[in-house]
Amino acid sequence: ANGIAAPLLEDAYYIRQALTPGADVREGDLDTLLSRPLAVLFMASGGRLLETEVERLGRWIDAGGVLVRFAGPRLNDNVDPLLPVHLRIGGRSFGGALSWDEPARMAPFPENSPFKAMAVPDDVTVASQVLAEPTPDLPDKTWARLNDGTPLITATRRGQGWLILFHVTATPEWSSLPMSGLFVDLLHRIVDLSAGVAVDDTTAGAGDLAPLQLLDGRGRLVPPDTTARTIE
């Protein structure tokens with residue numbers, strides 16, 4: 001990746017902690033961040049993008065950029081076009097009008113998800129989320145979901161890049177996900193996706209392919225962690 005960025009806001013703390021060390025993390029406004037080559041842009045606090053920003057970010061995503069957004073009080077409806085799914089007006093929370101009897105837990109990752117080899121820890125709970133409108137293509141866009149089937153992470157391809165939405169905040173306000181080791185693995189896997197051009201498996205070299213499983217010191221096949229890399 002050429003670079004990773006997160007806005008200079010308190011909401012970006014857990015993103016920053018998850019990505020460093022090991023990534024070139026830069027913080028600033030949109031003009032500053034896009035003035036240099038950039039692979040992934042994290043918008044931690046949600047909120048509406050201006051029309052000029054939508055146009056500029058759209059071109060950047062089409063060229064291979066990965067835009068990762070998080071839900072929150074300022075992103076609880078369809079604020080602008082740069083979202084992977086259409087959101088329902090109003091979210092759902094533990095103890096709210098649309099509520100669970102208790103905080104929800106994550107389901108195993110779907111087979112179409114780039115996170116499918118990751119284990120889901122039992123201690124990650126969700127107390128609030130923004131909801132996606134049900135559509136025929138929603139399952140194809142869902143990379144992570146809760147036990148009741150509602151999406152937790154959705155994504156869609158745009159040009160050579162990606163639009164990705166976490167349906168919870170980047171802080172522990174809505175879920176315990178940002179405080180978990182899984183959060184670190186999810187963000188690093190997203191960074192690994194940010195080559196900008198989809199890899200053709202028929203022509204890819206060994207260095208282009210992420211490992212599916214590893215053989216540990218006891219001879220067991222285990223899912224790869226975020227430090228695993230192939231060699232020529």
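A nonpolar core is a set of buried Ala, Val, Leu, Ile, Met, Phe, Trp, Tyr and Cys residues joined through side-chain atoms within 4.5 Å. Buried means under 20% relative accessible area, exposed over 50%, and partly exposed in between, with a 1.4 Å probe and protein chains only. Helices (H or I, at least four residues) and strands (E, at least two) are DSSP runs, numbered from the N terminus.

This is a predicted model: local features need pLDDT of at least 70, side-chain atom pairs count only at pLDDT 80 or more, and totals for chains, interfaces and linings use all residues. Residues are numbered from 1 along each chain as its sequence is written, and side-chain values use heavy atoms, with hydrogens and water left out.

**Stop 1: the core.** Select Ile164 and Phe166. Of the 47 residues in the largest nonpolar core, these two touch the most other members. Two or more residues each come from helix 1 (13–19), strand 3 (40–43), strand 4 (66–70), strand 9 (142–145), strand 10, strand 11 and helix 5. Helix 5 gives the most, with six residues. Now show what surrounds Phe166. Leaving aside neighbours within four places in sequence, its contacts (heavy atoms within 4.5 Å) include Val68, Phe70, Ile153, Phe183 and Leu186. Apart from this core lies another, of 14 residues, among them Leu30, Leu49, Trp60 and Leu163.

**Stop 2: strand 4.** Select residues 66–70. Five of the five residues in strand 4 are buried. Val66, Val68 and Phe70 point one way, and Leu67 and Arg69 the other. In a regular strand the side chains alternate between the two faces of the sheet. Strands pair if DSSP finds at least two bridges between them. Strand 4 pairs with strand 3 in the parallel sense over four bridges, and Val40 stands opposite Val66. Strand 4 also pairs with strand 11 in the parallel sense, over five bridges. There, look for Leu67 opposite Leu163.

**Stop 3: Ile153.** Go to strand 10 (residues 151–158) and pick Ile153. Ile153 counts as buried because its relative accessibility is 0%. Trp143 is ten residues away in sequence, yet 5.4 Å away C-alpha to C-alpha. Ile153 also touches Phe115, Ile164 and Leu186, among others.

**Stop 4: helix 5.** Select residues 181–192. Buried residues here include Leu182, Phe183, Leu186 and Leu187.

**Last stop: Thr171.** Find Thr171 in the loop between strand 11 (161–166) and helix 5. Its relative accessibility is 13%, so Thr171 counts as buried. Beyond neighbours within four places in sequence, Thr171 is in contact with Asp11, Tyr14 and Pro178.
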